[in-house]
Amino acid sequence: MLATREYQDIEAKVMRGERLTREDGIRLFHCHDLAWLGALADHVRREKCGDIVYYNVNCHVNLTNICTSHCKFCAFGRDADEKGAYAMTKAQAIAVVEDAMRDPNLAGLHVVSGLHPTWSFEDYLGIVEALHKRFPKLYMKGFTGVEITHFAEISGLSVEEVLRQLRDRGGLQAIAGGGAEILSDRVRGELCPNKATADEWLEVARTAHKLGIKSNASMLYGHIETLEERVDHLLRLRALQDETGGFQTFICFPFLPKHTELGEHVKQTSMWDDLRTMAISRLMLDNFKNIKAYWVMLTVPVAQVALGFGANDIDGTVHKETILHDAGAKSPRALSEDNIIRIIKEAGRIPAACDCNFNILRIIE
Ligand code: SF4
């Protein structure tokens with residue numbers, strides 16, 4: 001490759017398969033040679049995962065947007081008496097999935113919601129149990145480390161017991177990656193002091209992995225965090241992955257400021273930053289197999305380019321995304337499977353439909 005003299009040592013380390021340090025990560029965030037960074041990340045992706053790009057035919061179900069947490073970066077959460085607040089019944093949640101079932105290839109559900117002030121753990125569990133009973137063939141991925149910490153708090157159960165019940169009664173097969181935001185007490189203290197701390201989020205993942213439940217990881221960047229805090233976030237995930245091996249994919253979420261409390265003070269990230277962060281995530285997270293380009297937040301064109309910057313996973317059809325469109329996401333609310341396949345093939349890669357644990361269901365040659 002063609003690293004400038006300044007970055008030749010990092011390129012040599014990557015080529016030798018040597019782990020990058022915190023200092024390396026910080027230096028990469030100051031690199032302006034985006035093409036080189038992308039090529040390096042793409043090299044690692046090719047060596048580690050080949051040309052398959054994973055996607056899901058899935059449906060997002062957000063049970064309620066009523067939330068006690070009031071995170072400053074969130075445009076989805078509402079107070080119960082606020083315009084647009086909703087809380088689904090079992091029948092309403094089932095109706096959402098029935099609508100999505102018009103797609104014969106629908107393989108699974110992604111369920112995440114607000115922290116409702118009066119719902120009990122049983123209320124959440126009862127709905128996913130009803131969904132699981134009504135649609136037993138659909139995989140169930142859901143709930144973030146934040147929600148699971150909340151369920152433990154409101155039920156008095158341990159995190160482990162909450163996870164067992166979600167798995168055994170609710171059919172939970174994998175945990176969603178959201179809620180990690182930036183794993184820094186400083187950032188969380190300023191932006192989301194009312195929900196799981198960094199340590200609590202990591203502990204949920206650790207406990208789930210011990211139980212054999214895989215989870216995803218994420219990073220919400222582009223708000224008040226420093227570049228050093230981005231690198232430290234990646235290092236905390238890398239350390240836990242060394243310990244458990246239970247993370248399946250890492251998702252870069254650029255912060256979407258519209259309609260959020262932070263929106264007046266923070267500009268949306270540039271495509272440059274999004275691609276740079278994607279590539280550095282691939283390079284720093286040397287023990288993660290999969291890196292996701294989440295088209296809903298990145299937009300479809302940027303997600304497609306991100307497939308050349310280290311990503312090998314493009315999420316799914318989604319079927320009516322809500323959370324990020326409340327924050328002004330400009331992408332469509334859903335993509336057809338044909339569209340996803342086209343996006344992947346145009347990037348010269350091989351689409352593979354998978355379930356929430358990355359088991360391949362179909363390869364589209
Ligand atoms: S990010 Fe999640 S926890 Fe925070 S306010 Fe929004 S819905 Fe609630």
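The structure is a predicted model, in which local features need pLDDT of at least 70 and side-chain atom pairs count only at pLDDT 80 or more, while totals for chains, interfaces and linings use all residues. Residues are numbered from 1 along each chain as its sequence is written, and side-chain values use heavy atoms, with hydrogens and water left out.

**Exercise 1. State which residues surround the ligand, and sort them by kind.**

Step 1: The residues around the ligand are Cys67, Ser69, His70, Cys71, Phe73, Cys74, Phe76 and Lys195, a residue being near a molecule if one of its heavy atoms lies within 4 Å of it.

Step 2: This shell divides into five nonpolar residues, two polar and one charged. In this sorting, Ala, Val, Leu, Ile, Met, Phe, Trp, Tyr, Cys and Pro count as nonpolar, Asp, Glu, Lys and Arg as charged, and the others, Gly among them, as polar.

Step 3: His70, one of the residues around the ligand, is found in the loop between strand 2 (58-61) and helix 4 (90-100), and at 48% relative accessibility it counts as partly exposed. Its phi is near 50°, a positive value in a residue other than glycine. Most residues other than glycine have a negative phi.

**Exercise 2. Find the aromatic pairs and decide how two of them are arranged.**

Step 1: A search of the whole structure finds ten aromatic pairs. Rings of Phe, Tyr and Trp (its six-membered ring) pair if their centres lie within 6.5 Å, and planes under 30 degrees apart count as stacked, over 60 as edge-to-face and the rest as tilted.

Step 2: The pair of Phe143 and Phe151 is edge-to-face, because the ring centres are 5.2 Å apart and the planes stand at 75°. Both of these residues, Phe143 and Phe151, are buried.

Step 3: The pair of Trp201 and Phe247 is stacked, because the planes are at 15°, with the ring centres 6.2 Å apart. Trp201 lies in helix 9 (residues 198-210) and Phe247 in strand 7 (residues 247-254), so this pair ties together parts that are 46 residues apart in sequence. Trp201 is buried with a relative accessible area of 2%, and Phe247 is buried with 4%.

Step 4: Ring pairs also link Trp119, Phe121, Tyr124, Phe143 and Phe151 into a cluster.

**Exercise 3. Identify what the side chains of Thr277 and Ser113 reach.**

Step 1: Thr277 is found in helix 11 (residues 271-284) and counts as buried at 0% relative accessibility. Its side chain is joined to that of Arg230 by a polar contact of 2.9 Å; a polar contact is a pair of N or O atoms within 3.5 Å, where, within protein, one must be able to donate a hydrogen and the other to accept it, and residues adjacent in sequence count only if both atoms are side-chain atoms.

Step 2: Ser113 has its place in the loop between strand 3 (108-111) and helix 5 (121-134), and at 11% relative accessibility it counts as buried. The side chain of Ser113 reaches the backbone nitrogen of Leu63 at 2.9 Å.

Note on methods:
Buried means under 20% relative accessible area, exposed over 50%, partly exposed in between (1.4 Å probe, protein chains only). Helices (H or I, at least four residues) and strands (E, at least two) are DSSP runs, numbered from the N terminus.
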